[in-house]
Amino acid sequence: MPMPVSPLRFMAVFLPASAMLAACTPIDQRTFDPNAGRRPVAHVPPAPAAKPPPPPFLQIMSGTPEATWRPAVDHAARVALARKPNVLFVVTAIATPSGTPANQTEALTQMLRREERAVADAIVSAGVPDYQIQLDARTEPAAAPPRIRVDVR
């Protein structure tokens with residue numbers, strides 16, 4: 001007949017064994033995949049980089065003599081008009097932002113009066129009607145030398 005185990009002896013053997021088992025982590029699917037059972041996180045790709053602006057049809061640096069740029073403007077205007085009779089020429093004076101807004105406005109006004117108007121007149125003398133020319137002015141931080149940009153639409 002088996003001998004009865006005393007409660008103290010049972011407690012002396014069972015408590016340490018149960019403490020060791022409690023410290024163990026049971027084997028389950030997280031043993032092999034730590035993300036198992038967690039909600040999936042949607043991957044949001046970064047926004048695509050902005051496309052660079054299209055290159056200008058013509059670009060004339062401020063201070064360039066008229067005798068240098070006028071033949072190129074005349075030829076380019078005639079070619080553009082021959083390819084598309086209703087082409088719109090957008091002539092833009094671009095200056096570097098400097099000083100106060102009043103100083104920037106004055107610089108753009110001077111460019112408009114001197115250089116941008118001369119480029120627009122050269123386009124008109126090439127045979128383009130004046131209603132197909134749009135004048136614009138703006139400042140750009142990256143515009144190191146001021147310039148006149150001509151785009152076509």
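The sheet

Analyst: The model is a predicted one. Its open sheet has four strands in the order 1-4-2-3, with mixed pairing. Helices (H or I, at least four residues) and strands (E, at least two) are runs assigned by DSSP and numbered from the N terminus.

User: What makes strand 1 and strand 4 a pair?

Analyst: Two strands pair if DSSP finds at least two bridges between them. Strand 1 and strand 4 (residues 147-152) have four bridges, in the antiparallel sense, so by that rule they pair. Isoleucine 60 has isoleucine 148 of strand 4 as its bridge partner, and methionine 61 stands opposite arginine 147 in strand 4. Strand 2 and strand 4 also pair in the antiparallel sense, over six bridges; there, valine 91 has valine 150 as its bridge partner.

User: Why do strand 1 and strand 3 count as edges?

Analyst: Strand 1 and strand 3 each have a single partner strand, so one side of each has no neighbour in the sheet.

User: How many degrees are neighbouring strands turned against each other?

Analyst: The average is 20°, with direction ignored. Axes are lines fitted to C-alpha atoms, for helices over the stretch in contact, and angles run from 0 to 180 degrees between N-to-C directions.

User: Which strands does helix 3 touch where it packs on the sheet?

Analyst: Helix 3 touches strand 1 and strand 2, and its direction makes about 165° with that of strand 1. Helix 4 packs on the sheet as well, touching strand 1, strand 2, strand 3 and strand 4; its direction makes about 150° with that of strand 3. Touching, or contact, means heavy atoms within 4.5 Å.

User: Why is strand 4 described as largely enclosed?

Analyst: Buried means under 20% relative accessible area, exposed over 50%, and partly exposed in between (1.4 Å probe, protein chains only). Five of the six residues of strand 4 are buried, so the rest of the structure largely encloses this strand. Strand 1 has a covered face with Leu58 and Ile60, and an uncovered one with Gln59 and Met61. In a regular strand the side chains alternate between the two faces of the sheet.

User: Is methionine 111 buried or exposed?

Analyst: Methionine 111, in helix 4, has a relative accessible area of 4%, so it falls on the buried side of the cut-off. Among its contacts beyond four places in sequence are Ala93, Ile94 and Pro146.

User: Why is glutamine 132 called buried?

Analyst: Its relative accessibility is 7%, so glutamine 132 counts as buried. It sits in the loop between helix 4 (101-125) and strand 3 (133-139), and its contacts include Leu81, Pro85 and Phe89.

User: What makes histidine 43 exposed?

Analyst: Histidine 43 has a relative accessible area of 69%, so it is exposed. It is in the loop between helix 2 (29-32) and strand 1.

User: What is the confidence in the protein chain?

Analyst: The mean pLDDT is 87, and 91% of the residues reach 70 or more. pLDDT is the predictor's confidence in each residue, from 0 to 100. It is lowest in helix 1 (residues 7-23), with a mean of 69, and highest in helix 3 (residues 66-83), at 95.

User: Which conventions apply?

Analyst: Residues are numbered from 1 along each chain as its sequence is written, and side-chain values use heavy atoms, leaving out hydrogens and water. Local features need pLDDT of at least 70 and side-chain atom pairs count only at pLDDT 80 or more, while totals for chains, interfaces and linings use all residues.
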